[in-house]
Amino acid sequence: MTSSASNVADVVIVGGAVMGSSTAYHLLADSGFKGRVVVIEKDHTYQLSASALSAASIRQQYSSAVNIRISLYGIHFLRNIREYLTVDGDTPEIGLKEGGYLYCASEAGEPILRENQALQAAEGADILFLKPDELKSRFPWLNVEDLAAGTWGRSGEGWFDGWGLLQAFRKKARSLGAEYVKGEVAEVEREGNRILAVRLKDGTRIACGTLINCAGSGGRAIAEMAGLSIPVQAKRRYVFTFSCKGSVENCPLLIDTSGAYVRPEGEGNFICGASPEADIDPDWFDEDPASQEIDFSFFEEFIWPSLAHRVPAFEAIRPGRAWSGPYDMSLVDHNAIIGKAGEIENFYLCNGFSGHGLQQAAAVGRGLSELIVHGGYRTLDLSELGYERVLANRPLLERNVI
């Protein structure tokens, strides 16, 4: 694409990973939309994208109804992905495994777990509340001595191939006419309460009717170019792998009382991680390799001991490869900021997913397309996640943060 008067798009999406590609797909699949969609992606390899580097899982075990509803649609979409994202007979393969999440709670955390499960069940999620003897019966390899309860997703929760989902959304969007442009936004042109255009580092100018910020770890910078401040900071997260010869059959995605998580990744193999405490939580910068280094001591001193306490078979393991990735954290409440960007009439936010982006991509892409095409949400109301709560300092608190 070269700079010319013809560089006009009805919708420009900054960021072509899972959120940007889901939004592009949903826009072009809507019979009410007839415009041109341009997706700007600075790295088509997505090698530093959260979509490609995350643990790629889905759950309904949230403490807020809107997040539960988002993921209930998300699991429906993943189960029926061939109906949505097949292109010319080529059906996506994402290896969905509904192994469930297992949240463990001490005596202090048991009331919160019970309250959350009641809400989840009321919303239609298949989540069971289990006492220690029931946990031991289902998961005999689990140490329950210091547990008061657990909640387990009998169905509708699990993990999948995040890279496969990203590529499936991208391929489908392109088949419907989305144009993917390799480039990096250097400037957002704004006049009054409207965005006029974006200008790329190579000088290309693309005028736009609507601009959507799906830039992931770069989302805050794009917002700042438009004169907007959003409380989103890219943090660094690690994923560690290991193998174990001991029997840990039918292991779900387990969240220990310490906050460490683990899930299977093939026969006898596992991936794990945790969120560091706030005072030692490192930032991530796409252009700074030092900010992407892996802290192996975090695995050795915290994650492994926590998991070995909960699953004694993990006392004897063989550590494997590890990687780090960006985690665009919403500093206001660990929930995404979605929808119109305050007073700017044609600027939309899709930022700060705090590790939930892959599982929320289907519902959020659909919701954004409805806002843009129809002027409001039609299927699932996402307004609780709007930018207005940021302006009003009204956080939507989520108890179940991993």
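Visitor: Which residues does N67 touch, not counting residues up to four places away in sequence?

Guide: N67 touches Y62, N335, Q360 and E398, where contact means heavy atoms within 4.5 Å. This is a predicted model, in which local features need pLDDT of at least 70 and side-chain atom pairs count only at pLDDT 80 or more, while totals for chains, interfaces and linings use all residues. Residues are numbered from 1 along each chain as its sequence is written, and side-chain values use heavy atoms, with hydrogens and water left out.

Visitor: Is N67 buried or exposed?

Guide: N67 is buried, at a relative accessible area of 1%. Buried means under 20% relative accessible area, exposed over 50%, and partly exposed in between, using a 1.4 Å probe and protein chains only. N67 is found in helix α3; helices (H or I, at least four residues) and strands (E, at least two) are DSSP runs, numbered from the N terminus.

Visitor: Switching to cavities. How many of 30 Å³ or more are there?

Guide: One. The largest cavity has a volume of about 40 Å³. On a 1 Å grid over the protein atoms alone, a cavity is a set of points where a 1.4 Å probe fits but cannot get out, and lining residues have an atom within 4 Å of a point. Grid points are joined across faces, edges and corners, and a volume is the space filled by probe spheres set on the points.

Visitor: Which helices supply at least two residues each of that lining?

Guide: α3 (65-79), α7 (162-175) and α10 (357-374) do. The largest share, four residues, comes from α10. Among the lining residues are F77, L165, F169 and L358.

Visitor: What is the lining by class?

Guide: Eight nonpolar, two polar and no charged residues. Ala, Val, Leu, Ile, Met, Phe, Trp, Tyr, Cys and Pro count as nonpolar, Asp, Glu, Lys and Arg as charged, and the others, Gly among them, as polar.

Visitor: Now the strands. Why is β18 largely enclosed by the rest of the structure?

Guide: Five of the five residues of β18 (residues 347-351) are buried, so the strand is largely enclosed. F347, L349 and N351 point one way, while Y348 and C350 point the other way.

Visitor: Which strands pair with β18, parallel or antiparallel?

Guide: β11 (residues 205-213) runs parallel to β18, with three bridges, and I212 stands opposite Y348. β17 (residues 337-340) is antiparallel to β18 over four bridges, and I338 stands opposite C350. Two strands pair if DSSP finds at least two bridges between them.

Visitor: Last topic, backbone. What is the phi of A56, and of N393?

Guide: A56 has a positive phi of about 50° although it is not a glycine, and N393 likewise has a positive phi of about 50°. Most residues other than glycine have a negative phi.

Terms used
1 Å grid on protein atoms, 1.4 Å probe; cavity = no way out; pocket = protein on both sides within 12 Å on 5 of 7 lines; lining within 4 Å.
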